[in-house]
Amino acid sequence: MNIFEYHLEEIKNLILSNKDILKLDHIDKLKGVNLEVPPEKFNFDLSCNIAMVLGKENKINPKTLALKLKEIFLKKIKNFSEIEIAGPGFLNIKLSKKALRNNINSILKSNKGYGSTKNKKTYNIEFVSANPTGPMHVGHCRGAIYGDVLANLLKFNGNKVTKEYYINDYGNQIRNFVESVFLRIIEIKYNKKFPTKENLYPGFYIKEIAQKIINQNINQDFKNFDKCFEILKKESLKHSMELIKNDLKLLGISHDKFFSESEIVNKNLVDKAIKKLKEKNFVENGYLKPPKGENSENWKKTKRLIFKSSLFGDDADRALQKDDGSWTYFANDVAYHMDKVNRNYENLVNILGADHTGYIKRIKAAVLALSDNKTKFDCKVCQLVKLYKNGEPYKMSKRAGEFISAQDLLNEVEKDQIRFMMLNRSNDVELDFDFEKVKEKTKDNPVFYVQYAYARINSILRTLKISLMNETDVDEIFNFNKIEEKIIRKVFEWPKIVESSSRNYDLHKIPFYLYELSTLFHAYWSKGNEDKNFKFLDNGKIKRKEILSIINIVAIVIQNGMGILGVSLPKKM
């Protein structure tokens, strides 16, 4: 149960039923009322801003209103045992012992479902979508993990999610890639040196792909590039996608659907999408305005098909055709998103790289136009990752060519460390990834510290010879010490973290929260080493039943949180 939502609803209902007594003429801004976790120094469970919100709206001194609200809340809400008025009118609330017991029992009963918001919506999340011209690089890793964890989070909340990969297998970059493979085949078979030509892919992996194609196509004549282009393209893309899928697998990621850009061309989807937009009067033959900063006198006006994306919040209308009349890359994207809209998802989410920020508004405009504003569309941009080793920038590999590959990363650190640390900062800021720090077995390594908390809990259970969830109830009469109260408050906060992370796709909140919870648990553990009164066990037996309830609810949250992150939880470390 989300106690914040539950008690906020109680408070709002009380305001509505007592508005005359409280002399509240205006209660339109109840949406601005919230329940939060109060600062630790106050030693309370909840904090509410309602007196300040309604006081301002009704021109009543917030502290005067707070006194009246305090009286009503303590009288009407049985779960509230104490209320303190703090600062300009915050109501700091302490839950009754019975409320604590009931909430803990609810967590124990919910177990794997604790924190879930229980939605039932449909999502398509498109992520990675790396050009199939070689293995994944580190930048792709961040977006890949972000997309996978977002899918996990949405599934945890009961939604139906499709994880999709868009294969950019059409255009000049693919021809350059296939030509690179062709020239490596010529080099291997006929000892002809690989040329230093612009736009070719020099990575060693190209040699590996070329060798595989030779081995699997013994009777194929590869002397003429144009004649063997189609089969060479098919084989090159197959092996390149195998590299990418293998990298994804090593990161713990699998997709439900792979959509090929070639499918857009083969099924004539661009024409169909343009026709649909024309029928809605969102496409016209016209002229684009000069880009900002461009002298209008020097601007060459060319008549072409234009999408009226400015009608849907874009900064300008967008060209669907190039100067030569061929379709723009954006036109292909419009067609692809029409296909996704036609698959009837309620929500579309694109995870993009740092260089695609300027592309968001036009794609959103296209989705809104194609779906008649019915499909919700979101884009999340994952900024760059900077790798460090021994305090120095990490150098690129010779195998990859011009970038640091996912394999380079996986050779240095484990999947769990990568997944956790890639999410440890907000996706919209650059991330510094230090190889040495993520391998440390100290408090400074968040993923280790969370895993270690879980391992410690399991060590207690092994001593007691019981399993998690062996105890499913808390006695009517019990007492928690101050450290235990802090842990309980943090555990109660978990559904709020899930809700907030889901609403704005702020995935970094989850590893940050898990680290905070684990830090509290380790302090709880260490207190027993300092003071025997705080020891968990005595002669192999649990000293207080309250301790067992604490370790159970902490374990449940860590399991659920790390499950969403896709990070393992060893029982021994």
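Good morning, colleagues. I begin with an open sheet of four strands, whose order is β1-β2-β4-β3 and whose pairing is antiparallel. Two strands count as paired if DSSP finds at least two bridges between them. Strands (E, at least two residues) and helices (H or I, at least four) are DSSP runs numbered from the N terminus.

This is a predicted model, in which local features need pLDDT of at least 70 and side-chain atom pairs count only at pLDDT 80 or more, while totals for chains, interfaces and linings use all residues. Residues are numbered from 1 along each chain as its sequence is written, and side-chain values use heavy atoms, with hydrogens and water left out.

Within this sheet, β1 pairs with β2 (residues 46-48) in the antiparallel sense over two bridges. Opposite Leu35 stands Cys48 in β2. Further along, β3 and β4 (residues 90-95) run antiparallel and are joined by six bridges; Glu84 has Asn92 in β4 as its bridge partner. These two strands, β3 and β4, form a hairpin with three residues between them, and Gly87 in the turn has a positive phi of about 55°.

I turn to another open sheet, this one of three strands in the order β8-β9-β10, again with antiparallel pairing. Here β8 (283-286) and β10 (318-319) are at the edges with a single partner strand each, so one side of each has no neighbour in the sheet. Four bridges pair β8 with β9 (residues 304-307) in the antiparallel sense, and Glu284 stands opposite Ile306 in β9.

Next, the largest pocket. How much space lies in it? The figure is about 1,000 Å³. A pocket is found on a 1 Å grid over the protein atoms alone: it is an open set of points where a 1.4 Å probe fits, with protein on both sides within 12 Å along at least five of seven lines, and lining residues have an atom within 4 Å of a point. The volume is the space filled by probe spheres set on the points, which are joined across faces, edges and corners.

The largest pocket is lined by 48 residues, of which Ala130, His137, His140, Asp355 and His356 are the closest to its centre. The lining divides into 26 nonpolar, 17 polar and five charged residues. In this grouping, Ala, Val, Leu, Ile, Met, Phe, Trp, Tyr, Cys and Pro are nonpolar, Asp, Glu, Lys and Arg are charged, and the others, Gly among them, are polar. Which element gives the most to this lining? That is α5, with five residues.

The helix α5 (138-156) also packs against α14 (residues 415-422), at an angle of about 80° and with the axes 9 Å apart. Axes are lines fitted to C-alpha atoms, for helices over the stretch in contact, and angles run from 0 to 180 degrees between N-to-C directions. The two helices α5 and α14 are therefore roughly perpendicular, a term that covers angles of 65 to 115 degrees. Among the residues that meet are Cys141 and Ile145 in α5, and Ile418 and Met422 in α14; contact means heavy atoms within 4.5 Å.

Finally, Tyr201 lies in the loop between α6 (172-190) and α7 (204-216). Thank you.

Technical notes. Angles under 35 degrees count as roughly parallel, over 145 as roughly antiparallel, 65 to 115 as roughly perpendicular and the rest as oblique.
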